[in-house]
Amino acid sequence: MKGYTVPLSPRGIANLAPAPPWHYAGTVVGVEFFTDPAAAAATLPEGLTPDPDSAGRGVAMFIDWQYSSTGLEYLDPARSQYREFLVTLDAHYNGAPVAWCPYIYVDNDSAMARGWVQGFPKKLGAVHQTRVYSVGGPGTPVLGPGGQFGATASAAGQRIAEARITLEQPVPDPAALMNRPVVNLRHFPRLAAGQHDKPAVHELVMSVLDDAAVSDAWAGTADLAFLPAHGEELADLPVQRTGMGFHFDLAYTVTDLKTLTDHSNEDLSRL
């Protein structure tokens, strides 16, 4: 049997996600926000602590992605294109600033499988954002001063997030938009009776992004709301105020991650 993720199969092409490298390119509509520091701290796993300089700061991103691997997978857009919504929160790992991702939603099963391998806690959702077209006209915003963009995310038929940004100026240092490595928790439980509190995998990991690039970055003002929904806890991070809104194109490759701590097989009630 062959493959990287399930399902393993005789030819190895039925798996949800092939082995890396995984190449990504996408367009981001994002909003910097500030929530209750205590609510943000409540989402942190063991090993992470609130950032003492920016406790309660987060970033919400709505992304229109295109993916490829070892071939030209982007020529099969039904499989390679997907949309995603995620939230990151400022935190510290051993005194170093990182971004923690407590919630993330995606509309593609292959992207979900790749996310679980990386430790992103992906759930199914529906994500939309305003698109910009260089042809101009009244059917598209401008990618420049005054350009307005909206974005929404839904889960199980319920609206959970909505944002609107108005661009004002280019971002002088686009790399600053990606200045914190993302830390995730890879968690795969056991089903065997008596082993439910001893996961097969429970490890804190740091994302490793190769050849990361940001272009056409613009910033401006923003509005953001997280809406209460059954079965969701995103709204437990109330948006007290917003900071910068932004729009940019992003690309990177994933081939690796860094394991920070491993608590596999421990009784989680003690953590």
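Guide: A salt bridge here is a side-chain nitrogen of Lys or Arg within 4 Å of a carboxyl oxygen of Asp or Glu. This is a predicted model, in which local features need pLDDT of at least 70 and side-chain atom pairs count only at pLDDT 80 or more, while totals for chains, interfaces and linings use all residues. Residues are numbered from 1 along each chain as its sequence is written, and side-chain values use heavy atoms, with hydrogens and water left out.

For exposure, buried means under 20% relative accessible area, exposed over 50%, and partly exposed in between, with a 1.4 Å probe and protein chains only. By that scale Arg-159 is partly exposed at 38%, and Glu-162 is partly exposed at 32%.

The structure holds 12 salt bridges, and another of them joins Arg-57 to Glu-32, with the closest N and O atoms 2.8 Å apart. Because Arg-57 lies in strand β3 and Glu-32 in strand β1, this pair ties together parts that are 25 residues apart in sequence; strands (E, at least two residues) are DSSP runs, numbered from the N terminus. Arg-57 is partly exposed, with a relative accessible area of 22%, whereas Glu-32 counts as buried at 16%. Both residues also belong to a network of salt bridges that links Glu-32, Asp-51, Arg-57, Asp-90 and Arg-180.

Key. Helix = DSSP H or I, 4+ residues; strand = E, 2+ residues; numbered from the N terminus.
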